[in-house]
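The following exercises are to be worked with the sequence and the structure at hand. Each task is followed by a solution in steps.

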Amino acid sequence: GAGGTAGAATSPNYAGDGSNSVFSSITSTGGGGGGGSNATAANNNGRSGGSGGGAANNGAASGTAGTGTVGQGNNGGTCSSMAINYGNGGGGGSNAVGANGTSTTGGNGGNGTANSLSGSSVTYAGGGGGGTTIAGTVGTGGTGGGGNAGTSGGGAGNAGTANLGGGGGGCSTPVSATAYAGGAGGSGIVIIAW
């Protein structure tokens with residue numbers, strides 16, 4: 001299925017969910033979008049899905065992490081609460097939860113899972129890294145195509161890798177009112193082996 005849409009640089013700026021990948025009666029649920037950095041707490045919640053999106057905080061309102069689907073993925077990371085630089089949570093990967101954001105760092109995305117259905121070992125479905133506000137160390141994407149967060153001090157998030165189902169990285173914002181977009185999620189893939 002298609003990857004989730006990038007979080008916009010304007011309100012409500014949370015990321016869209018990924019589309020499901022379907023073959024016959026088998027469905028792999030798309031990943032949940034990451035929370036936006038918004039004054040409305042509900043917009044800062046990571047969304048639930050195959051893996052959960054990371055939570056975000058804009059200094060006035062903290063979101064909650066999205067939950068993953070049992071047997072498919074893991075939860076997103078929580079965000080730092082009302083602290084300088086307030087790091088956002090990393091997105092969950094298929095093999096590991098997203099790391100929590102702290103007062104100085106964005107959470108790393110959870111790692112994905114390797115399989116060899118394509119004929120060689122490939123890792124899929126890594127979570128995207130969480131960004132920071134003002135400064136701090138940004139989160140890196142998990143193995144399996146997760147995108148890195150935007151550059152510390154202000155930068156757009158990096159997209160997840162196409163056909164690996166990686167989550168997009170979160171944006172990082174500066175002290176000024178300048179806003180940046182998050183990264184789009186990478187598309188999933190269906191491989192038929194016999």
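The model examined here is predicted.

**Exercise 1.** Determine where Thr27 lies and whether Thr27 counts as buried, partly exposed or exposed.

*Solution.* Step 1: Thr27 belongs to strand S2, which covers residues 26-28. Step 2: the relative accessibility of Thr27 is 37%. Step 3: buried requires a value under 20% and exposed a value over 50%; therefore Thr27 is partly exposed.

**Exercise 2.** Identify the residues that Thr27 touches, leaving aside residues up to four places away in sequence, and state how far Thr27 is from Val190.

*Solution.* Step 1: the contacts of Thr27 are Asn20, Ser21, Val22 and Gln72. Step 2: Val190 is 163 residues from Thr27 in sequence, yet their C-alpha atoms are 10.0 Å apart in space.

**Exercise 3.** Name the residues of the nonpolar surface patch and describe Trp194.

*Solution.* Step 1: Phe23, Ile26, Val190, Ile192 and Trp194 make a patch of about 640 Å². Step 2: Trp194 is located in the segment after strand S4 (122-124). Step 3: Trp194 has a relative accessible area of 93%, so Trp194 is exposed.

**Exercise 4.** Compare the phi angles and the exposure of Ser24 and Ala125.

*Solution.* Step 1: most residues other than glycine have a negative phi. Step 2: phi is positive in Ser24, near 55°, and also in Ala125, near 65°. Step 3: Ser24 sits in the loop between strand S1 (21-23) and S2, whereas Ala125 lies in the segment after S4. Step 4: with a relative accessible area of 67%, Ser24 is exposed; with 25%, Ala125 is partly exposed.

Notes:
Residues are numbered from 1 along each chain as its sequence is written. This is a predicted model: local features need pLDDT of at least 70, side-chain atom pairs count only at pLDDT 80 or more; totals for chains, interfaces and linings use all residues. Side-chain values use heavy atoms; hydrogens and water are left out. Helices (H or I, at least four residues) and strands (E, at least two) are DSSP runs, numbered from the N terminus. Buried means under 20% relative accessible area, exposed over 50%, partly exposed in between (1.4 Å probe, protein chains only). Contact means heavy atoms within 4.5 Å. Patches are made of residues with over 30% relative accessible area and no salt bridge: like charges are joined within 9 Å, nonpolar side chains (Val, Leu, Ile, Met, Phe, Trp, Tyr) within 5 Å. Accessible areas come from the Shrake-Rupley method with a 1.4 Å probe; for residues, only the protein chains shown count as cover. A salt bridge is a side-chain nitrogen of Lys or Arg within 4 Å of a carboxyl oxygen of Asp or Glu.
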